[in-house]
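Let's take a walk through a protein together. Keep the sequence and the 3D view open as you read, and look up each part when it comes along.

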Amino acid sequence: MSLAERLAQSGQPDRIAAVRSRVQGALVESLGPRLYDMSLTEAELRELVHQHLRELLDEEEITLSVQEKAQVIQQIGDGILGLGPLEPYVRDPEVTEIMVNGAESVYVERAGKLHWTGARFLDEEQLRRTIDKIVARVGRRIDEASPYVDARLPDGSRVNAVIPPLALDGPCLTIRKFSADPYGVKDLMAFETLTPQVAELVEACVRGRLNILVSGGTGAGKTTTLNALSSFLPDDERILTIEDAAELRLQQPHVVRLEYRPPNIEGKGEITVRDLVRNALRMRPDRIVVGEVRGSEALDMLQAMNTGHEGSISTIHANSPRDALSRLETMSLMAGMDLTIRAVREQMASALDLIVHQSRLRDGTRRFTHVTEVVGMEGDVITLQNIFMFDFKAGTDEHGRFLGSLKATGLRPGFAEKLGNRGIRVPPQTFAPQTWAPGA
């Protein structure tokens, strides 16, 4: 448990709370508009605030120890410049998710497990100010007319906020943190998310311009995997990313990033992900990366894959590869076009080559559980073929951690020939059934 959590759980003495309240009021009164001076860098503003705080604390009649003064300066600084009581967890690299269920209930996720922190906001008003601060940074709004919002922090971390009347017990805030340095495929192998054999296969698929769909449940690590897969994209191609809230961090030099725009206060001016997908086709992309397919843009994405934009990658919420196709079919029918189910399935079977399914297991780890080829149509059914599957039969150890790993089914995918025609060879032993120990 961190020092911040222990302090939060022990409770702050009343005298320190009183000092903090007085000093914060005096700071806002003395600095005023300078707190919003855009000419100051973040470091300069932080130094200015901390300098004034030290001066104000020296004038206090109540004597505080050096540690108590540092604590007050940190808390007030975090409240004015950062995210208040959440700031220690935003800075903590071990915390992957922060969940605020009201002013007095804050949980965090570490190593895939939830932990109550004991941290709390002074009141709902402070929590609302924190939410407004986040939302304002990316030009979005949250109010009674639009009581929920998706946004992001400057480092790309994903933020979702819901306020009353939708949230019955007060404002709720969820922050899914991104690492300072984006995880690569080597990191995923170190986490045992995938094996070297699977990494070699997906690299070949990306470089060979196969269309890939990453599926999984909430918090399974789909966006992290999408970032890792994008590292295989060539530097000499024009890549367009389309997202609801910009999260992807591609390292290639020729990247164009497009982001959904919500409607304004009059309910006008919305630019949907579907609009962006359509417009992307006019921007001469070599690759189109859609952060997440969640609506009628599914049909436009499938058409793009089938009209010369091969090598596209996207993610989708689903419980299995088969469920991913079912959801994609449903969302394509939401486009309002007069299409038969068979026509949509033919589009999917022709467009998609590979589905990578990822799950967050009970032990908190995130693992690839299926690497599945989309073979084609057989009657009215799309045929799938599992190339790798997670071995759940290996059981768990004494700590509840799964001992299994991805294992080849022994089936050679049909797209191996397509890759070969494009000059990319996958060694036959990649698909040979064998046993790998965890961490191999």
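**A walk through the fold**

Let's begin at Thr-223, which lies in helix H9 (residues 222-230). Helices here are DSSP runs of H or I with at least four residues, strands are runs of E with at least two, and both are numbered from the N terminus. The model is predicted, so local features need pLDDT of at least 70 and side-chain atom pairs count only at pLDDT 80 or more, while totals for chains, interfaces and linings use all residues. Residues are numbered from 1 along each chain as its sequence is written, and side-chain values use heavy atoms, with hydrogens and water left out.

Is Thr-223 buried or exposed? With a relative accessible area of 13%, Thr-223 is buried. Here buried means under 20% relative accessible area, exposed means over 50%, and partly exposed is in between (1.4 Å probe, protein chains only). Not counting residues up to four places away in sequence, Thr-223 touches Arg-158, Phe-178, Glu-247 and Leu-248. Touching, or contact, means heavy atoms within 4.5 Å.

Now step back to the whole protein. It has 14 helices and 15 strands, and its C-alpha atoms fill a box of roughly 80 × 55 × 40 Å along the principal axes. Of the 440 residues, 49% are buried. Among contacts between residues at least 6 apart in sequence, 56% join residues at least 24 apart.

Next come the sheets. Strands of a sheet pair through backbone hydrogen bonds, either parallel or antiparallel. Two strands count as paired if DSSP finds at least two bridges between them. Six strands form an open, antiparallel sheet in the order E3-E2-E1-E6-E5-E4. Strand E3 (113-116) and strand E4 (148-152) stand at the edges with a single partner strand each, so one side of each has no neighbour in the sheet. On average, neighbouring strands of this sheet are turned by 20 degrees against each other, direction ignored. Angles are taken between N-to-C directions and run from 0 to 180 degrees, with axes as lines fitted to C-alpha atoms, for helices over the stretch in contact. E4 pairs with strand E5 (residues 158-162) in the antiparallel sense over five bridges, and Asp-150 stands opposite Asn-160 in E5.

Two loops here deserve a look. In the loop between E5 and strand E6 (172-176) you will find Pro-165, and the peptide bond from Pro-164 to Pro-165 is cis, with omega near 10 degrees. Ala-111 is in the loop between strand E2 (106-110) and E3. Its phi is near 50 degrees, a positive value in a residue other than glycine. At 66% relative accessibility, Ala-111 counts as exposed.

Which strands form the other open sheet? Nine strands do, in the order E9-E8-E10-E11-E7-E12-E13-E14-E15, and their pairing is mixed. The edges belong to strand E9 (255-259) and strand E15 (406-408), each with a single partner strand, so one side of each is left without a neighbour in the sheet. Within this sheet, strand E8 (residues 239-243) and strand E10 (residues 287-290) pair in the parallel sense over four bridges. Ile-242 has Val-290 in E10 as its bridge partner. Helix H13 (residues 341-351) packs on the sheet, touching E13 and E14, and its direction makes about 120 degrees with that of E13.

What lies inside? The largest nonpolar core has 39 residues, and those with the most contacts inside it are Leu-201, Ile-212 and Leu-354. Seven residues, the largest share of this core, come from helix H8 (residues 196-207). A nonpolar core is a set of buried Ala, Val, Leu, Ile, Met, Phe, Trp, Tyr and Cys residues joined through side-chain atoms within 4.5 Å. Leaving aside neighbours within four places in sequence, Leu-201 is in contact with Val-371, Ile-387, Phe-388, Phe-415, Val-426 and Phe-431. Apart from this core lies another, of 32 residues, among them Val-273, Val-277, Ile-316 and Met-331.

Our last stop is helix H11 (residues 297-305). Eight of the nine residues of H11 are buried, so this helix is largely enclosed by the rest of the structure. The cover over its buried residues includes helix H10 (273-280), E10, E11, helix H12 (321-333) and H13.
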